[in-house]
Structure formats: structure tokens, C-alpha cells
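Dear colleague,

Please find below the structure that I am handing over to you, together with its sequence. My findings follow directly after it.

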Amino acid sequence: MVNQSKNEQHIVIVGGGLAGLSAAEWLLRQEVPPKITIIESTGRLGGVIETVSQGEWLMERSADSFLSVRPEGIELVKRLGITEDLISINPEARRALIWSSQKGGGSGALLPVPTGFRLLAPGRIIPFLRSNILSCFGRLRVAWERFIPQRTHHDVDESLESFAVRRLGQEAFDKLVQPLVSGIWTADPSRLSMAAACPEFLKMEQDWGSLTKGEKKRVAQANGSRDASGARYGQFVSFKHGMQTLIDALESRLRSAGVLVVQDQVRSLQRDGSQWQVFLGNQAIRADGVVLGVPASTAATIVSTVSPNLSAELKMIEFAGAAVVSLGFDQQDVSHSLRAAGMIIPKVAGKRILAASFSSSKFPGRAPPDAVLIRTFIGGALDMGIASLADEEVVKEVLIDLRTTIGLHGNPSIVQVDRWHRSMPQYNIGHVERMKKIRQAEAQLQSFGLAGSAYEGVGIPQVIQSGQMAAANAIKDQAMSE
Ligand SMILES: Cc1cc2nc3c(=O)[nH]c(=O)nc-3n(C[C@H](O)[C@H](O)[C@H](O)COP(=O)(O)OP(=O)(O)OC[C@H]3O[C@@H](n4cnc5c(N)ncnc54)[C@H](O)[C@@H]3O)c2cc1C
């Protein structure tokens, strides 16, 4: 139990997703941990992260893995004592496939992303020149990237599409960069801000004048493998029994330390002297500090009376929706070997799905023997119409695309559709400037922190870090006033 004294501080965390739980875990590690209350509207902790088990099938409703090179995720795992549950992507599945089709034609093939190519950066030119994903002209244009002059006016926020077309050419953008990007951000690349979403690649251009040179330097410095393609698949980890392991371990750590979890919806905040009043359905709770770990649009409503400026900026962050459709099949019903982490589909191919993870190839224990589990993503900023389709229609669309891409000729033995309405934050042009304003307005509110995927990174490690920083902000002003 938390050591409670008369003068003990009380921190209220709104939202029991990963951001809120990480804030609580950070607070518990302080020399004098405060009393902590988490208010979560659904009553279930974990937010979008949830693993569903049905017999021998194990399906993820949202995140299925996280990047281990950033320290925040792995350090949390170590502190929670669940390192032994970690698994990494099967070595034979550490590559991504990309659908390559003739313009306007229905036929095509799944080809590996050229070895050494990372999101926007061609680390190796020879494998690129040998790959058939682009036409001869398209490949030569990518090889020419190192001679493209760098942009001089760095102060103007550039869209990812403009950056990629400028550096790599239109064809490489259409057939390679756009699908890789939509698999991560489900965003409209003509609006996605390079500075907010891909600052690393922007810096490569600034430091080395070229992505090809910059990627070579990065690999040499990291002494990493230049052979992985697409994403750095060897660096992604999950848990034997799914991502729920992380949430369960966090929940058990927090509950055993006396953290109180209340099921209710927070509506607004008010300042009351040196304290906060947190208004729920039909009661108010006093707090010395507050962390808001809810989606930015909800945070905007909650802070509207205490900081109209902050509320206005938060409202401007846009969200897209998507559906994750997990489907299980008999192995014999799929002609493709599925020897990859998954596939991505360029928008120019005219298909509805954005990407698919070959879950049972990626990780052990996701499907019964002789069966395969495929997790497809559909929707995103370029296909908002998905929100109005019924689940059966969404599944129908997915099956059409799986038949043409992986040679599916059977029907699913298991179907799970997870709809995420307005859950994918869009770091559109202007996001970095907006974040400066948001952080300034946040700092003006005493003992207050904002956490979550809408701000400075959507990946699990970044969300954990955002929770920790928000927790530090929530107790900072009290520490100073003591
Ligand atoms: C489909 C999908 C796939 C993803 N895949 C990956 C992946 O493979 N790897 C990766 O690293 N990341 C992935 N992510 C991103 C990552 O999972 C998220 O960024 C992260 O989990 C967000 O956590 P959060 O706490 O910010 O938000 P959430 O999980 O949305 O939690 C917010 C919580 O606040 C609660 N809440 C809302 N309003 C109120 C209120 N008024 N009062 C009280 N409670 C409230 C909600 O019920 C919710 O529990 C994925 C995300 C999605 C949606």
C-alpha cells in the first residue's frame, strides 16, 4: 500500500490507457509517492490495447508489437518483471511485402521491399536497382537522390508527400513510401507534417544533404543490419500471450500499490485555490495535480473553462478512424507462403485495405496448427467512408482484396472486427508549432500534465514517455511550493 500521510498529495489521472497507466507507474517510483486515483470511463484499463483469445486464436485489437530500440518500453517491461514474456518477430518473417501492380490492372504480385530501404531512406542502392517494384526510370530516380540539392528554407513545414516526391521521385512515393507510411499513421501524406512525423529523415537531409548518405551513416554508427527492409523488424517485440501482458502487469503493479481506479467519465476541471476540482458524472474529486491521458478532443472539452486557449489548440488536432479485421483461415486456403511480417498496399493499386500483418508468421502462438491468422487494416484518413460500413461489409471488402493479393480461396473460420473511430491522431502540417502552443498553455496551468498519442509520438514507447512527463508536470509545482 502507498504510505499515506496527512499532507499526502493526491494526483488524479484521467484515462486508464497506456499513457495514464505509465503516469501512475512513474508517480509510484518517486521518493514520496502521492495518493493516485485513475478515472477511466470504460472501467477497463489499457485503452486501445487489448488482446482477445478464442481457443487457440490470439488476436490484438490494436497494437501488436512495439519498438525495442527506444528505452521507455523495454525499461517498463523490466521494471514490471515481464522480460521473460517478451518475444521478437520470427527471423524468417522479418521482411515486408508490397503489392506491385500495373497501372489500372487488377493483376500484380507481392514483392519484398528492397533490402536496406527504411520508410523514406534507401540505405542500399544495388538491391533497389534489382527490385522490380519501380520502373527502370523510377529506380534510377531513387539512385539519383544523393545528387538532389537539399531544401534551403527549413522553417516552412513540409508535407511528407512533398518531401518524398522531391527527394525520391513521384513513382517511389506512390509505390513505396505512401503505403509504408499509411501502414503506420493511416494518414493523408499530402497533409502529414515531416517535422512532426518523420523528424529523423528531415534531419538526415539537413545533416548529410541526402537520405541515401544519411541512412548509410546511421547504419554504420548503429552497427546494425542493413539487410532488414521496410521497418526494422528485428527491433519489434511483443509478448507470448499478447500485448495484454503489459496492461495486466501494469494494472497489478498499480493496484497492489493502492492506486484507486474509479469508473466514471470526467467532464470538466476547475481550479479551487491551490487545488483542482475534477468533475465526474455526479460528483467532484479534489486533487493537487491532474494528468489528462484522454484523446486530445476529449481533453479539449475537459479544459475548456480553465484554459480556452489550450482547448482551442487541442481541438485543432485531427483524428482518423480505421478498422482492424483479424481473420483466421486454414493454411491450405491461402496459396501464398506468407513468409513475411505482412504486406502493404499502395493507394495507386486501387484496393481498399491499407496493410495486413501475417500475425501467425510474425509471432508464435497466434493460430492453431495448420491455420493462419491475418490482421488487415482498412480506413484511415484517405478512406473515411469505412466508418459508415457495417462490419459484414468491411469483412467483404477485406476478403476481396485478400483473394487477389495472397491467393485466398476459402472462407474465414474466425472473424474479429475492431472499429477505431477517431483514434488515430494525425500529425498534420503545423503540428510542431501547435505543440509549442499546447506545451506553453499546459505550463501555465499549475500541477497539470497532458499525455497520450496525440502529441509527440503515437508509438508505445513515446506514449509511455508522454505519461511519465505529464506525471512529472502534475507534481512539479507542488514540489516547488513545498
Ligand atoms: C489500431 C491501432 C493499432 C496500433 N498499433 C500499434 C503498434 O503496433 N505499435 C505501437 O507502438 N503502437 C500502436 N498503436 C498506437 C498505440 O497503441 C497508442 O498510441 C496508445 O496505446 C495510446 O494510448 P493512450 O493512453 O494515449 O490512449 P487510449 O488507449 O485511447 O486511452 C485513453 C483512455 O481514456 C479513456 N477516456 C476517454 N475519455 C475519458 C473521460 N472523459 N473520462 C475518463 N476516461 C476517459 C478511454 O476510455 C481510454 O481508456 C496502435 C493504435 C491503434 C488505434
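Helices α8 and α9 are roughly perpendicular to each other, because their angle of about 100° falls in the range of 65 to 115 degrees that counts as such. Please note that this is a predicted model. Helix α8 covers residues 199-208 and helix α9 residues 211-222, and their axes lie 8 Å apart. On the α8 side, the residues that meet α9 are Phe-201, Met-204, Glu-205, Asp-207 and Trp-208. Their partners in α9 are Leu-211, Lys-213, Gly-214, Glu-215 and Lys-217. By class, this contact consists of 5 charged, 4 nonpolar and 1 polar residues.

A second pair of helices is formed by α5 (residues 160-168) and α6 (residues 170-185), which pack at an angle of about 135° with their axes 9 Å apart. The two are therefore oblique to each other. In this pair, α5 passes α6 in a right-handed crossing. Helix α5 contributes Leu-160, Glu-161, Ala-164, Val-165 and Leu-168 to the contact, while α6 contributes Gln-170, Ala-172, Phe-173, Val-177 and Val-181. The residues of this contact comprise 8 nonpolar, 1 polar and 1 charged.

The residues of α12 involved are Asn-309, Leu-310, Glu-313 and Leu-314, and they meet Arg-434, Lys-437, Ile-438, Ala-441 and Glu-442 of α15. This contact has 4 charged, 4 nonpolar and 1 polar residues.

Turning to the chain as a whole, how is it divided into domains? Domain 1 takes in residues 10-47, 246-317 and 429-481; domain 2 takes in 51-92 and 319-426; and domain 3 takes in 115-228. The centres of domain 1 and domain 3, taken over C-alpha atoms, are separated by 36 Å. Domain 1 gives 4 residues to the contact between them, and domain 3 gives 6. The side of domain 1 that touches domain 3 has 2 nonpolar and 2 polar residues, with no charged ones.

Finally, I come to the ligand. Which residues of its surroundings are the closest? They are Gly-15, Gly-17, Gly-47, Ala-63 and Ser-453, within a shell of 36 residues. That shell has 18 nonpolar, 16 polar and 2 charged residues. Several elements each supply at least two residues of the shell: the helices α1 (18-28) and α16 (460-481), and the strands β2 (35-40), β17 (318-330) and β21 (414-426). At the level of domains, the shell draws at least three residues from domain 1 and at least three from domain 2.

With kind regards

Methods:
Residues numbered from 1 in each chain as written. Predicted model: local features only at pLDDT ≥ 70, side-chain atom pairs only at ≥ 80, totals over all residues. Axes fitted to C-alpha atoms, helices over the stretch in contact; angles between N-to-C directions. Helix = DSSP H or I, 4+ residues; strand = E, 2+ residues; numbered from the N terminus. Parallel < 35°, antiparallel > 145°, perpendicular 65-115°, else oblique. Left-handed = near helix turned anticlockwise from the far one by under 90°. Contact = placed C-beta atoms within 7 Å. Nonpolar A, V, L, I, M, F, W, Y, C, P; charged D, E, K, R; others polar. Near = placed C-beta within 6 Å. Domains from an automatic or database assignment.
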